[in-house]
Amino acid sequence: MLIEEDLGINGYKIYQREGLYKFTSDAILLSRFARVKKGDRVADFCAGSGIVGLHLYALNPGLIKSVDLFEMQRQLYELSLETIKKNGLAGAFCAHNIRVQDVGAEYNGKFSLIVCNPPYMPVNSGEVKVNESFALARTETELPLAELLAAVSRALKYGGRVCLVHRAQRLTDLLCGMRAFNLEPKRLQFVRAAGKAPYLVLAEGVKGGRSGVKIEKDVPTGAQTE
């Protein structure tokens, strides 16, 4: 069954389907964390049904030139097409059913901003496999972190930014991986439930950027997300 949800911004809708992986508040936190510049060409890696790209576009009216959504799961990709169609965004959005590792050379250096809500957990991490869609979205079965960051570095123009959300416990993996692929960490923001240690981290990197990172004020939240 197709599920329509209102973003609460200028009438934009997002579409999901029962039995497939559904986005969580992590995606909304990421789109709020990302800083958009006028004329940005945006890519949303691991796009799902298009929530991060759509919410980022809605939050920044008139600033984003284009948004490309890249999603490997066929059914989620089809939902992103539905999202584009029903929001009348065919002129600004384009969806691709492809693994980010397989994004073609024609996209090398194309994007000024890449956003990504990737699988969080390594293979054999003990994550419960609810179904295949859930497993692919949550674990690095088809997309190891190093392969993701390599793809980001290829597709990002020099001086372009990448914004990611990840588990706080993977912070060392994330930052070391970013630097290994010339994505210098520039901003970090932790997400925590009241009275708890951080469970998420939001990170921004700049391709070819100088060293030096700013730690933003923590984002409080009342409950942990999936």
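User: Happy to look at this one together! How many aromatic pairs does the structure hold?

Analyst: Good place to start. Bear in mind that this is a predicted model. Rings of Phe, Tyr and Trp pair if their centres lie within 6.5 Å, and the number of aromatic pairs in the structure is six.

User: Are the rings of Tyr57 and Phe93 stacked or edge-to-face?

Analyst: Their centres are 5.1 Å apart and their planes meet at 75°. Planes over 60 degrees apart count as edge-to-face. The pair of Tyr57 and Phe93 is therefore edge-to-face.

User: Which parts does that pair of Tyr57 and Phe93 tie together?

Analyst: The two residues sit in parts that are 36 residues apart in sequence. Phe93 itself is buried, at a relative accessible area of 7%. Because Tyr57 belongs to residues 51–59 and Phe93 to residues 93–97, the parts tied together are helix H2 and strand E5.

User: What about Phe70 and Tyr107: at what angle are their planes?

Analyst: Both residues are buried. Phe70 comes from strand E4 and Tyr107 from the loop between E5 and E6, so the pair ties together parts 37 residues apart in sequence. The ring centres are 5.6 Å apart, and the pair is edge-to-face because the planes are at 85°.

User: Which residues form one aromatic cluster with Phe70 and Tyr107?

Analyst: Phe70 and Tyr107 are already a pair of rings. The cluster they belong to also takes in Phe45 and Phe111.

User: Let's move to helix H6. Where do its buried residues fall, seen down the axis?

Analyst: The buried residues in H6 (residues 171–180) are Leu171, Leu174, Gly177 and Met178. In an α-helix, residues three or four places apart point the same way, because there are 3.6 residues a turn. On the other side of H6, Thr172, Cys176, Arg179 and Ala180 are exposed. The buried residues line one face of the helix, since they fall within an arc of 140°.

User: What do those buried residues of H6 pack against?

Analyst: One partner is a helix, and the others are strands. In order, they are helix H5 (145–155), strand E7 (156–167), strand E8 (183–193) and strand E9 (200–207).

User: Last one: is Ser112 buried or exposed, and which backbone nitrogen lies 3.0 Å from a polar atom of its side chain?

Analyst: Ser112 has its place in strand E6, and its relative accessible area of 7% means that it is buried. Beyond its neighbours within four places in sequence, Ser112 is in contact with residues including Asp40, Arg41 and Leu156. The backbone nitrogen 3.0 Å from a polar atom of the Ser112 side chain belongs to Arg41.

Conventions:
Residues numbered from 1 in each chain as written. Predicted model: local features only at pLDDT ≥ 70, side-chain atom pairs only at ≥ 80, totals over all residues. Heavy atoms only, no water. Helix = DSSP H or I, 4+ residues; strand = E, 2+ residues; numbered from the N terminus. Buried < 20%, exposed > 50% of the residue type's maximum accessible area, 1.4 Å probe, protein only. Contact = heavy atoms within 4.5 Å. Polar contact = N/O pair within 3.5 Å; in protein donor to acceptor, adjacent residues only side chain to side chain. Phe/Tyr/Trp six-rings, centres within 6.5 Å; stacked < 30°, edge-to-face > 60°. Arc of directions from axis to C-beta.
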